[in-house]
Amino acid sequence: MDIDSRTLDAKAAYKLLIGSIIPRPIAWISTQSAAGVGNLAPVSFFTCVGRKPPKVSLSIQPKSDGLSLKDSFLNIRDTGEFVTNLATLPQIVPLHRSAIEFEPDVDEFDAVGVEKEPSALVAPPRVKGAPIALECKVDTIFSAPDGLHHVVWGEVVSFHVRDDIYVNGRIDFGALAPVGRLAAEYTVVDNAFVPPLTDEVMAERAARRMRRIDRHGEEYSAVDGPGWSASGAIRE
């Protein structure tokens, strides 16, 4: 099937993008408003864009109403700082709930039940228990003509890495359970390999569907559910 993207509205295009670009790493972004209110938001349009200096990129769309800027973006714009916390399985419930569109005066650390940890070089706190946190200062903000869609480049000014996973200057990722995004669902990274693999392993993997580890059946899709929003927000 060939689909001309020019025939798609934003929601339809978003569905295809989030189901095609997989797995996507999740930046669990912690920010703080100018008034000092904490905010948390998972951003899965996220990647690194530089090494010297180290930089990351966040793509942030509007709220579910399609007209309002997300609190996390407003905080980043107004304060120039944010923290990218690594998303891992032990904290998946508060991470998922942080996609709810809380009111701006609600401290989302309290709302989703995670503790704050002071950052080293920026004002927004880290998520306590996150094994890795990248403290960032805004480098550049690219804005779409509509003023609602933005790409933020942030310079990583400090790496917080849990002591036991810092080995000879690298990350022992095998000791983590990082979580990524599959369309509107999640995946936990629990295996690693270097090619080539044996013919037996390749044949065995090719013949099966992805294994679900929740209560849903093989054909389930969260995109089809009532709690999904094309803004990336969730409804309880």
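I looked up Asn168 and found it in the loop between strand E11 (166-167) and strand E12 (170-171). Helices (H or I, at least four residues) and strands (E, at least two) are DSSP runs, numbered from the N terminus. The model is predicted: local features need pLDDT of at least 70, side-chain atom pairs count only at pLDDT 80 or more, and totals for chains, interfaces and linings use all residues. Residues are numbered from 1 along each chain as its sequence is written, and side-chain values use heavy atoms, with hydrogens and water left out.

I checked the backbone of Asn168 next. Phi is near 55 degrees, a positive value in a residue other than glycine. I noted this because most residues other than glycine have a negative phi, and most peptide bonds are trans.

Is Asn168 buried or exposed? Asn168 is exposed, with a relative accessible area of 78%. Buried means under 20% relative accessible area, exposed over 50%, and partly exposed in between (1.4 Å probe, protein chains only).

I then turned to Ala183, in the loop between strand E13 (179-182) and strand E14 (185-188). Ala183 is not a glycine either, yet has a positive phi of about 50 degrees. I found Ala183 buried, at a relative accessible area of 18%.

Last, I looked up cis peptide bonds. One joins Ile22 and Pro23, with omega about -15 degrees. Pro23 sits in the loop between helix H1 (10-20) and strand E1 (24-25). Another joins Lys52 and Pro53, with omega about 0 degrees. I placed Pro53 in the loop between strand E4 (46-51) and strand E5 (54-60).
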